[in-house]
Amino acid sequence: MGAAPAHYHLYDEVIYVLEGDGVMHMNASQTPVHPGSAIHLPARKLHTLANSGPGVMRVLGVFRPAGSPAAAFYPDGAPATYIAEEPTAASIST
């Protein structure tokens, strides 16, 4: 299972699951997602998407206004930093 730490963005985001199974963690809820699932994330909404399947999870992110998935912030407001790593079967692709 792979997931980014809980974070938020300064823009609205819609995530569409192309491949794989996962769990969207937002607020106090955990919602299973599968290919064809679409998730709306308002700006500044703390969230994380975890890959719960055996293979790669591929998602498409649409940002409004335009933004970068790397422009994320941790719950304390500190800028999130991502360390590039080789994809694995448990990684999430965007």
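# Close-up views of a predicted model

**View 1. Strands S2 and S5 run side by side.** S2 and S5 pair in the antiparallel sense over four bridges. Two strands count as paired if DSSP finds at least two bridges between them. The strands themselves are DSSP runs (E, at least two residues; helices would be H or I, at least four), numbered from the N terminus. This is a predicted model, where local features need pLDDT of at least 70 and side-chain atom pairs count only at pLDDT 80 or more, while totals for chains, interfaces and linings use all residues. Residues are numbered from 1 along each chain as its sequence is written, and side-chain values use heavy atoms, leaving out hydrogens and water. In this pairing, Val14 stands opposite His40 in S5.

View 2. In one, the side chains of Arg64 and Asp12 meet at 2.8 Å, N to O. That pair links distant parts of the chain, with Arg64 in strand S7 (residues 57-64) and Asp12 in strand S2 (residues 12-19), 52 residues apart. Arg64 counts as exposed at 58% relative accessibility, but Asp12 is buried at 19%. Arg58 forms a salt bridge with Glu19, and their closest N and O atoms are 3.4 Å apart. This pair also links distant parts of the chain: Arg58 is in S7 and Glu19 is in S2, 39 residues apart. Arg58 is partly exposed, at 38%, and so is Glu19, at 39%.

**View 3. A nonpolar patch sits on the surface.** Val14, Tyr16, Leu18, Leu60 and Val62 make up this patch, with about 420 Å² of accessible area together. The elements giving two or more residues to it are S2 and S7, and S2 gives the most, with three. Val62 is in strand S7 and is partly exposed, with a relative accessible area of 49%. Patches are made of residues with over 30% relative accessible area and no salt bridge, joining like charges within 9 Å and nonpolar side chains (Val, Leu, Ile, Met, Phe, Trp, Tyr) within 5 Å. The areas come from the Shrake-Rupley method with a 1.4 Å probe, and for residues only the protein chains shown count as cover.

**View 4. Four strands line up in an open sheet.** Their order is S1-S6-S3-S4, with antiparallel pairing. S1 (2-3) and S4 (29-33) stand at the edges with a single partner strand each, so one side of each has no neighbour in the sheet. Elsewhere in the sheet, S3 (residues 22-26) and S6 (residues 47-51) pair in the antiparallel sense over five bridges. Across that pairing, His25 stands opposite Thr48 in S6.

**View 5. Two loop residues have a positive phi.** Most residues other than glycine have a negative phi. Asn27 is not a glycine, yet has a positive phi of about 60°. Asn27 lies in the loop between S3 and S4 and is exposed, at 61% relative accessible area. Arg44, also not a glycine, has a positive phi of about 65°. Its place is in the loop between S5 and S6, and Arg44 is exposed at 57%.

Conventions:
A salt bridge is a side-chain nitrogen of Lys or Arg within 4 Å of a carboxyl oxygen of Asp or Glu. Buried means under 20% relative accessible area, exposed over 50%, partly exposed in between (1.4 Å probe, protein chains only).
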